[in-house]
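This report is intended to be read beside the sequence and the three-dimensional model.

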Amino acid sequence: MTTTDLVVDAVYAGGSSGHTGDDPMSKIIKGIGNQGGFRYAGSPALGTVKLAVLYTSGGEVDWPDYLDVETGTFTYYGDNRRPGQSLHETPRSGNILLRDAFAASHGTPADRSKVPPFFLFEKAAARGRSVLFRGLLAPGGPNLTSDDELAAIWRATDGRRFQNYRARFTVLEVDRVPRAWIQHLLNGGDPLDGECPDAWRTWTESRVYRPLLAPSTTVVRSKADQLPGDAVGKAMLQEIRDYFRGREHDFELCAVAIWRLMAPSTGAVDVTRPSRDGGRDAVGTYLLGPAANRIAVDFALEAKCYGPDNSVGVREVSRLISRLRHRNFGVLVTTSFLNKQVQDEIQEDGHPIALVCGRDIVEVLRQHGRTTADSVRQWLTQSFPQP
């Protein structure tokens, strides 16, 4: 492993003996250790980090690291994950590394040359401790403000509050990281020499991001893919169903709030009165352009607060499609899933409808700090008080 290049989305096998020696990371990149989310060569406290590895298991529901492969944006949470210490007093000094790297990223080319290349790995689905290489990261992104790039966010555990970082990186357009460059970095060489990838050189010299964009192919999601697979996620979704039980039509306001979390540029939204078939719609605008001269794109939204065994079918979606004549796109939000026939029809006919299923709801709530059933219940009671 110490002689091979790093190939995007290649799996690097680990052991299955049940101890830390199974971890392949220290064999892939020597000298970085085999524990923790932050692994690096050098010292964050001294500012001598030569390269850094970010490792994510993908299983921390309280800290939902997330890679958007279509935009190349990766969201990662720092290592201050429990109360009792300040933001930068973590044992691995990972938050110090984030603070300094993001600060330097906004400086001169000389400042950015001191930012260590970040390599992203995640736990592979295979047995044991195999890992998947996800790409070369640069701090920040082409469409992010500095506040969006690195933010100190508050969390609470057992009533005790603390701060941690939420950091956003860009996966650069590099399909293969040369082993020669990795070794050059470990030897303390200039990051722009030694077979440096062009995308990293461009970012260092001009802070121009060349993200690795991977538009999704046409995918029809199964029921299992549309519903949360873990017990906590199922409980979170059930909290929403239970809260609106017997008054499912009131779920529309919640659906609008969920859509806002996914699409922050959503403007004014009005929920209409109940229709003859018992449904209620929302109509709204999505804002594009600079604040002083925005344009508003109209959309229609329909919400279905269904149980996990009740799918959204053709009838429900046809109702939304019929309302798109004077709107630019549609949004359907459901606490359940959409059957295959509906997905096939929308894709084949090219209907501009965003489909939001139960798993999507859970994921976006987690990304915004609602990671337990209790926190979802609190959000519901505060945001949508019962009449």
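The sections below treat the basis of the model, the sheets, the helices, the salt bridges and a pocket.

## Basis of the model

The structure is a predicted model, in which local features need pLDDT of at least 70, side-chain atom pairs count only at pLDDT 80 or more, and totals for chains, interfaces and linings use all residues. Residues are numbered from 1 along each chain as its sequence is written, and side-chain values use heavy atoms, with hydrogens and water left out.

Five strands form an open sheet in the order 12-13-14-15-16, and their pairing is mixed. Strands and helices are DSSP runs numbered from the N terminus (strands: E, at least two residues; helices: H or I, at least four), and two strands pair if DSSP finds at least two bridges between them. Strand 12 (266-271) and strand 16 (353-356) are the edges; each has a single partner strand, so one side of each is left without a neighbour in the sheet. From one strand to the next, the twist averages 20°. Strand 15 (residues 329-334) and strand 16 run parallel and are joined by four bridges. Leu 332 has Leu 355 of strand 16 as its bridge partner.

Within this sheet, Thr 285 belongs to strand 13 (residues 281-288). Thr 285 counts as buried because its relative accessibility is 18%; buried means under 20% relative accessible area, exposed over 50%, and partly exposed in between (1.4 Å probe, protein chains only). Leaving aside residues up to four places away in sequence, Thr 285 touches Thr 266, Gly 267, Ala 268, Ala 296, Val 297, Asp 298 and Phe 299. Contact here means heavy atoms within 4.5 Å.

## Helices across the sheet

Helix 9 (residues 251-262) lies across strand 12, strand 13, strand 14, strand 15 and strand 16, and runs at about 170° to strand 12. Helix 10 lies across strand 13, strand 14, strand 15 and strand 16, at about 160° to strand 14. These axes are lines fitted to C-alpha atoms, for helices over the stretch in contact, and the angles run from 0 to 180 degrees between N-to-C directions.

The buried residues of helix 10 include Glu 316, Val 317, Arg 319, Leu 320 and Ile 321. Buried residues of this helix pack against strand 13, strand 14, strand 15, helix 11 (340-349) and strand 16.

## Strands 4, 7 and 8

Strand 4 and strand 7 (residues 118-123) run parallel, joined by five bridges. In this pairing, Ala 52 stands opposite Phe 118 in strand 7. Strand 7 is also joined to strand 8 (residues 131-139), here by six bridges in an antiparallel arrangement. The bridge partner of Lys 123 in strand 8 is Val 131.

## Salt bridges

Side chains of opposite charge can pair when their charged atoms come close. A salt bridge is taken as a side-chain nitrogen of Lys or Arg within 4 Å of a carboxyl oxygen of Asp or Glu, and the count comes to 17 salt bridges. In one of them, Glu 149 pairs with Arg 207, with the closest N and O atoms 3.0 Å apart. The pair links distant parts of the chain: Glu 149 is in helix 4 (residues 146-149), while Arg 207 is in the loop between helix 6 (198-206) and helix 7 (223-226), 58 residues apart. Glu 149 is buried, at 1% relative accessible area, whereas Arg 207 is partly exposed, at 22%.

Asp 309 and Lys 223 also form a salt bridge (3.0 Å, N to O). Asp 309 lies in the loop between strand 14 (295-304) and helix 10 (314-322) and Lys 223 in helix 7, so this pair ties together parts that are 86 residues apart in sequence. Asp 309 is exposed, with 67% relative accessibility, and Lys 223 is partly exposed, with 35%. A further salt bridge joins Glu 302 to Lys 304 (3.1 Å, N to O). Salt bridges that share partners connect Asp 281, Glu 302, Lys 304 and Arg 319 in one network. Glu 302 is buried at 0% relative accessibility, and Lys 304 is buried at 13%.

## The second largest pocket

The second largest pocket holds about 540 Å³ of space. Its lining comprises 25 residues, of which Gly 36, Gly 37, Tyr 55, Glu 60 and Arg 81 are the closest to its centre. Strand 3 (38-41), strand 4 (51-56) and strand 6 (73-77) each supply at least two residues of that lining.

On a 1 Å grid over the protein atoms alone, a pocket is an open set of points with protein on both sides within 12 Å along at least five of seven lines, for a 1.4 Å probe, and lining residues have an atom within 4 Å of a point. Grid points are joined across faces, edges and corners, and the volume is the space filled by probe spheres set on the points.
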